[in-house]
Protein chains: 2
Amino acid sequence: MAKVEVAAVSTREDCLALDEGDALAAQREQFTLNEGEIYLDGNSLGPVSRAVSTRVNQVISTEWGRGLARGWSEAGWMEMPVRLGDRLAPLIGAQPGEVLVADTLTFMLAKLIGGALDLRLDRHVVLTDVANFHSDLYIVQAMAARAGRPVTVKAIERRALESELSDDVALVMLTQVDYRSGEALDMKAITRAVHGAGALMLWDLAHSAGALPLDVTDAGVDFAAGCTYKYLNGGPGAPAFVYVRSAWQGVLQNPLPGWLGHARPFSFESDYEPAKGMQSFVTSSPPVIALAALDGALDVWDHVTIDEVRAKSLALTDLFIQLVETRLPGIFDVVTPREHEKRGSQVALRHPDAYGVVQALIECGVVGDFRAPDIARFGFAPLYLRYVDVFDGVERLVKVMNNERFLDPRFATRRPVT
Amino acid sequence: MAKVEVAAVSTREDCLALDEGDALAAQREQFTLNEGEIYLDGNSLGPVSRAVSTRVNQVISTEWGRGLARGWSEAGWMEMPVRLGDRLAPLIGAQPGEVLVADTLTFMLAKLIGGALDLRLDRHVVLTDVANFHSDLYIVQAMAARAGRPVTVKAIERRALESELSDDVALVMLTQVDYRSGEALDMKAITRAVHGAGALMLWDLAHSAGALPLDVTDAGVDFAAGCTYKYLNGGPGAPAFVYVRSAWQGVLQNPLPGWLGHARPFSFESDYEPAKGMQSFVTSSPPVIALAALDGALDVWDHVTIDEVRAKSLALTDLFIQLVETRLPGIFDVVTPREHEKRGSQVALRHPDAYGVVQALIECGVVGDFRAPDIARFGFAPLYLRYVDVFDGVERLVKVMNNERFLDPRFATRRPVT
């Protein structure tokens, strides 16, 4: 991975020079961004690219418009979940036929959790991170309650994982990059430890896919799922992806089955018989228009590598941290780890008035977001973000802090944007 | 409901005259249809209307394109599931706040089945129709298996329903219009009988919504769900709708919960506390682009009533049956009931070579579909179908039957279109 050195950078001109030499710079043109606005919220929702509009309109005007119901066979709609899964697979180090795109992240987790618990019938504990995204916590509790035997979900501190692993642990479910702090976990080391206890490992890759290189194959990951509306720019509420290691296919059963996961969907048989491979994890008719949007959004990956993206991501976050600490010393607690291998593609700054800071910054044309109780969160998506944006963003942050605009009474109510 | 009398119709001119006087005729212009093609497959996938394209492109270019993550609050994306539910509610006789649009039909059924079984803990049987759509059969079996107590799913003949009702029946799940035969069940009478046995009633309205007037309120229905890609023209794989009677809201629990169904989603709390009302049945971030397509598709209902649509639907299906029996006597077994109150908006013709008949007809520009083993299925969607289309469609069917084109060896393999 080509390393971009930013340690010595401090001027706007330095940043402009880095942009000049940036191999990814040309990709920015593909995206719709607001003139003068610095968008540091792509870790919440990525922007739209031209290919999204083209592909969606192709479906509306031609595939659906002219083909009508024939689209299911003639336009390849039925195969979209598997085809898009194969497009996305290299980004997480999966093999062809191991990834599927459909449904939503929470439902995909429900399928994986339910299926995984059925594979360890003699075990009664699921471990997860107390700091996990709350939707993950709700669905794991819900599926544990329906496991057909007493299963306890323990939401633990991450550092307690090894001591909590026992021969009663069926499944460990963790999120690889923490949505709040931006800390990245060592997928391989943790998976190995979990396997050492005879448990199964499920990773939530919501904040990882498209942000940093992953190798689920090498890490020995059993199952994973993630969303496609953050660093993959698939659009608001875009479908989720699911990964099932090939060794588990045909063994792991989909606990929420539907007709399109049947071995012979058009035989209309009363009893469920799973299709081979990932197709058995398809439940319903694919959401074609939403999948088309994602299909377009994935086009950018035909021209860039995740390693290039990662190199620039680390440079951007290094630069941001460096500038924040230089220009605003002692004002923020940088929650995100300094070590590259422990960092996702976002930086979290802790401040007692984080909510007001984020709102005041948005008014100044820098979009980040707030996560309760005291985190200002900034995402750095290398496909459309420039070094100079980081520089200008921090300068605006300096203004917001210096004039104490974040204390504006309008920001007293802590109602986050999203 | 204005009744259109077609008993005396027999000529093409008669049909043209009916089209001339048809109050719904103007709606056809809103839809994309192929010149010269007669589309009798809207019961599988409805065509695209202009407003779909307009609304989707508004989201892509403005709400998402310019608003980015702010769309969640500023463009009302968060409220879309409930807002679209309210738009759709009058079509099924539901009250505001009783319908939600999200996910897929099978997942919505999973939520309702799981929740309903938790309301009848002392009962151990679910009754459903052996002829139900197979995805419904798979998911009811799957959710029964996770009920936390032994629950048996009995897939019975419809006529055996009353005799199978007992005080051990927790839930009855039926589809109001049979996907194969087009037979419509008496929702009110059946719901009353089910309630008489102390059981809960769940209706699948996939082939009903937008096709015929329903009154879930008057019928005392507990729960219902349906899809929006058939007579509601929401697009391939469009989201599903779910109905929960207001009396059950706050009582029925969503067994597959997610963060957006939480009472305080942005407090990021570890334990699930359901939101009030239908919001608790939202699991994940709404699929905004797909919902926008449906939003556009529902515009047509601002200009027409479901009663008008039903009157024309019955006239179209009467006309089709009459012409088929007059022009092709003794060739087909008309499976769909003659009685209006027992008919959905499709006509099913049984023929040993139904597969070949459908394929040969498609070649002649009449799109219907095949359902195993021997049903040729034709949907009649009054928003874009003309009386003269029915006439011309039957004339093409006459040609196909007279020249035995359906015996073409290419059609020997029974691979259905969808």
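Predicted model: local features only at pLDDT ≥ 70, side-chain atom pairs only at ≥ 80, totals over all residues.
Into which domains is chain A divided? Chain A is divided into domain 1, which covers 12-48 + 305-411, and domain 2, which covers 76-302, with bounds that come from an automatic or database domain assignment. Residues are numbered from 1 along each chain as its sequence is written, and chains are lettered from A and ligands numbered from 1 in the order in which they are written.

Let me stay with chain A for a moment. The C-alpha centres of its domain 1 and domain 2 lie 29 Å apart, and the contact between them takes 27 residues from domain 1 and 20 residues from domain 2, where two residues are in contact if their C-beta atoms, placed from the backbone, lie within 7 Å. On the domain 1 side, the elements that give two or more residues are α10 (306-327) and β10 (346-350) of chain A, helices being DSSP runs of H or I with at least four residues and strands runs of E with at least two, numbered from the N terminus. Of the elements there, α10(A) gives the most, with 4 residues.

Now to the two chains together. Here 67 residues of chain B are in contact with 67 residues of chain A. On the chain B side, the helices that each supply at least two residues include α2 (50-64), α5 (105-118) and α6 (134-145), and α6(B) gives the most, with 7 residues.
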